[in-house]
There are 2 protein chains.
Amino acid sequence: MTNSPVPTQGILTGISVGPGDPELITLKGLGLLKTAPVVAFPAGVGGKPGIAEQIVAGWLHPDAIKLALSFPYVRDEETLTRAWELAAEEVWQILENGRDVAFVCEGDVSFYSTFTYLAQTLQKKHPEAIVETVPGVCSPMAAVAALGVPLTIRDQKLAVIPALYNVIELESALNWADVVVLMKVSSVYQQVWEILKQKNLLDRSYVVERATLPTQTIYKGLGDRPLIQLSYFSLMIIKVINN
Amino acid sequence: MTNSPVPTQGILTGISVGPGDPELITLKGLGLLKTAPVVAFPAGVGGKPGIAEQIVAGWLHPDAIKLALSFPYVRDEETLTRAWELAAEEVWQILENGRDVAFVCEGDVSFYSTFTYLAQTLQKKHPEAIVETVPGVCSPMAAVAALGVPLTIRDQKLAVIPALYNVIELESALNWADVVVLMKVSSVYQQVWEILKQKNLLDRSYVVERATLPTQTIYKGLGDRPLIQLSYFSLMIIKVINN
């Protein structure tokens, strides 16, 4: 009887690939990406490549295996949980066989990222799984660099709201913070505009769409823009305190 | 009479070099850094090299001119303004002569960074100055990557407080946000610990010192740590909502 050697378990690494410009990945992230035998990413919608996949396309080793994982864009908990479980099992089978998996995510993998759900599901089902992350450039930093304004200075307090389900949330943020970031502003822009008008903050508000991509669009001052058709990847920065 | 050619004005670029690990600079930042004729940075204290200078030391072109700019660690407005004006003039003389200046800063140049004061002073004195920035990895992202926890997920609201001058500030942040980051926690750690104890949040609080540097230290759960001697570059993450 011969014993086949048990392969050393692979590592799942969440790699932050930054906001869009492929040059905004870190050296550390790129080094891991170029040597990863398997590169996973959230599958795109409607047959199109996903955002993270597009960002890293030029960096991948020609022999790397690409693994598109399906994470449906829905809010139903059961559907989501099932999708994460399926994805975690797919990844686990590769790790178990001794191969590393690099999961790439736009922005930073710890900041409102799909990676967290995958990592948490994997570690729940397989507590022995080894998970690491490489930090990266998050979208608010990219947006202010594009605008040419600082995000925060001195003792300014910052509030970040990922999505707005209730305008009261925005009012409390404007009361508390000196700078407010609204991450996904497209669906609530009109309501937000009304509040900013009442509070006389339109001149100190900015919108950045697709920061650092060739299609980047910037809106500085929103006084004459009660309506803007914005894409999903738009964020707003409100300087409650001027500087 | 001959006209000497007027040199094309140089560009001041603020380059985010990330939290400490030199590999956490972006490709874009590194590319600009390696070709910059002049690399400026905040001067270190007591003859030691400054943090940003240490981070990029291994990346600099051997012929690059290093320019240490003095920004005193004081709160006196007049002293600070004078220092920024002097630094801005030093930089302007180089730009005027047609040479680019890369100013390197730890973390992200738009996030509580010395770069903002330099850039704003320069643009006030010389409105024609051209200033650009390259975003980077900010310390909260690096800290959570080191901890192995996400910073924020789903609809969690994030509050960032740069420095705590008043404990009331912390209480209002804990009431408003789901995740709170205290950027410079060392001088107020003991007061913060008392508040977290009252609110039963010590088990959900983390401290990271010098994230991503070889001397990085992590404290997960603070229940038995009413006192920690922390260095200046320490931050705290409080998960008000568990996940």
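Two residues are in contact if their C-beta atoms, placed from the backbone, lie within 7 Å. The model discussed here is predicted.

Q: Which residues does B:V91 touch, not counting residues up to four places away in sequence?
A: B:V91 is among the residues with the most contacts inside the largest nonpolar core, which has 146 residues. In soluble globular proteins, nonpolar side chains tend to be buried together. With residues up to four places away in sequence not counted, the residues that B:V91 touches are B:L12, B:A40, B:V101, B:L118 and B:L122.

Q: What secondary structure does chain A contain?
A: Chain A has 243 residues, of which buried residues make up 46%. Its C-alpha atoms fill a box of roughly 80 × 40 × 35 Å along the principal axes. Of the contacts in chain A with a separation of 6 or more, 69% link residues 24 or more positions apart. The secondary structure of chain A amounts to 7 helices and 10 strands.

Q: What distance separates the centres of domain 1 of chain A and domain 2 of chain A?
A: The domain assignment divides chain A into domain 1 (11-134) and domain 2 (139-239). The contact between them takes 6 residues from domain 1 of chain A and 8 residues from domain 2 of chain A. On the side of domain 1 that touches domain 2, the classes are 3 nonpolar, 2 polar and 1 charged residues. Taken over C-alpha atoms, the separation of the two domain centres is 28 Å.

Q: Which helix of chain B is included in what covers the buried residues of α1(A)?
A: Helix α1 of chain A spans residues 27-35, and its buried residues include A:K28, A:G29, A:L30, A:L32 and A:L33. Within chain A, the covering elements include β1 (11-16), β2 (38-42), α2 (51-56), β4 (101-105) and β5 (130-134). From chain B, the cover includes α1 (27-35).

Q: Which element of chain B do the buried residues of α5(A) pack against?
A: Of the 9 residues of helix α5 (residues 139-147) of chain A, 8 are buried, so the helix is largely enclosed by the rest of the structure. These buried residues are A:S139, A:P140, A:M141, A:A142, A:A143, A:V144, A:A145 and A:A146. In chain A they pack against β7 (179-184), β8 (205-209), β9 (217-220) and β10 (234-239). In chain B, the element they pack against is β5.

Q: Which residue follows α5(A) with a positive phi?
A: The helix in question covers residues 139-147 of chain A. The residue that follows has a phi near 75 degrees, and this residue is A:G148.

Q: Is A:L80 buried, exposed or partly exposed?
A: A:L80 lies in helix α3 (residues 77-96) of chain A. Leaving aside neighbours within four places in sequence, A:L80 is in contact with A:P72 and A:V74. A residue counts as buried at 20 or more other C-beta atoms within 10 Å and as exposed at 12 or fewer. A:L80 has 16 such atoms within 10 Å, so it is partly exposed.

Q: Which residue of β6(B) stands opposite A:A159?
A: Strand β6 (residues 158-163) of chain A is joined to β6(B) by 3 bridges, and the two strands run antiparallel. β6(A) is also joined to β7(A) by 5 bridges, in a parallel arrangement, where the bridge partner of A:A159 is A:V180. Because 5 of its 6 residues are buried, β6(A) is largely enclosed by the rest of the structure. In β6(B), the residue opposite A:A159 is B:A159.

Q: Which element supplies the largest share of the side of chain B that touches chain A?
A: The contact takes 41 residues from chain B and 41 residues from chain A. On the side of chain B, 26 residues are nonpolar, 9 polar and 6 charged. Elements that each supply at least two residues there are α1, β5 (130-134), α5 (139-147), β6 (158-163) and α6 (167-176). The largest share, 6 residues, comes from β6(B).

Key
Residues are numbered from 1 along each chain as its sequence is written. Chains are lettered from A and ligands numbered from 1 in the order in which they are written. This is a predicted model: local features need pLDDT of at least 70, side-chain atom pairs count only at pLDDT 80 or more; totals for chains, interfaces and linings use all residues. Domain bounds come from an automatic or database domain assignment. Ala, Val, Leu, Ile, Met, Phe, Trp, Tyr, Cys and Pro count as nonpolar, Asp, Glu, Lys and Arg as charged, and the others, Gly among them, as polar. Helices (H or I, at least four residues) and strands (E, at least two) are DSSP runs, numbered from the N terminus. Two strands pair if DSSP finds at least two bridges between them. A nonpolar core is a set of buried Ala, Val, Leu, Ile, Met, Phe, Trp, Tyr and Cys residues joined through C-beta atoms within 7 Å.
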